[in-house]
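Hello,

Here is the structure I promised to hand over. My notes follow below it.

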Amino acid sequence: MPAISRKYCYLCIEMKKKYEIEIPDGADRVLLHACCAPCSTAIVEWMMAHGVRPTIYYFNPNIYPLEEYNIRKEESKRHAESLGLDWIDGDYDHEAWRRGVVGLEHEPERGRRCSQCFYIRLLAAARMTSQLGLRYFTTTLASSRWKSIEQVSEAGLRAQAEVPGTVFWAQNWRKGGLQDRRNALLKEYNFYNQLYCGCEFSMRKDDQE
């Protein structure tokens with residue numbers, strides 16, 4: 001693992017003071033389902049500053065088109081590698097995801113399609129958590145101001161119930177200034193910043209024309 005610089009150590013101290021988020025007992029290693037690199041940055045930094053080592057799991061079969069998926073995937077991998085963290089590439093099967101949300105195509109953002117999408121991805125995360133012999137999993141989906149925290153938490157708890165031995169760390173990752181820190185790290189890493197959630201149904205109309 002890369003050596004931690006003085007600047008980073010100072011940042012760790014400052015973050016401990018500023019961001020008060022409760023860590024579950026025994027959660028020194030967790031699986032972090034990552035929707036993209038920008039949403040991961042502040043969460044990963046916070047975790048590492050507080051003695052929590054995340055394994056980053058990139059599972060997002062909702063993303064469309066494939067070119068967009070690959071860009072986001074490579075940025076997530078670059079982020080993990082820069083910190084010496086384990087990174088897992090989940091399967092990309094957009095057609096299977098489409099079957100999972102069939103009938104919900106015309107739902108609005110934050111509607112039933114989003115709830116189902118979150119559940120599909122977090123169920124895979126719970127299964128990977130169990131496969132790795134870990135207990136806790138959480139998600140960067142709870143960092144976006146465009147997402148419903150309640151929907152994300154409900155999906156995570158449903159996934160937890162499906163996979164015995166796993167626990168969903170339900171956390172509002174926008175809390176305590178982490179959103180502002182995310183924006184700063186986005187510029188620091190010079191990450192690609194997507195303009196829509198991921199699936200074809202979430203694309204802005206002017207992006208499709």
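A helix here is a DSSP run of H or I with at least four residues, numbered from the N terminus. Its expected span is 1.5 Å times one less than its number of residues.

This is a predicted model, so local features need pLDDT of at least 70, side-chain atom pairs count only at pLDDT 80 or more, and totals for chains, interfaces and linings use all residues. Residues are numbered from 1 along each chain as its sequence is written, and side-chain values use heavy atoms, with hydrogens and water left out.

Confidence comes next. The average pLDDT (the predictor's confidence in each residue, from 0 to 100) is 89. At least 70 is reached by 88% of the residues. Residues 1-13 stay under 50. They have 13 contacts (heavy atoms within 4.5 Å) beyond four places in sequence. Residues 205-209 also stay under 50, with three such contacts.

Now helix H5. H5 has 20 residues. From first C-alpha to last it reaches 29 Å, close to the expected 28 Å. Gly133 follows H5, and its phi is positive, near 80°.

Next, Lys73. This residue sits in helix H3 (residues 66-83). Lys73 counts as buried because its relative accessibility is 14%; buried means under 20% relative accessible area, with a 1.4 Å probe and protein chains only. Beyond its neighbours within four places in sequence, Lys73 contacts Tyr58, Trp87 and Asp89.

Best wishes

Technical notes. Helix = DSSP H or I, 4+ residues; strand = E, 2+ residues; numbered from the N terminus. Buried < 20%, exposed > 50% of the residue type's maximum accessible area, 1.4 Å probe, protein only.
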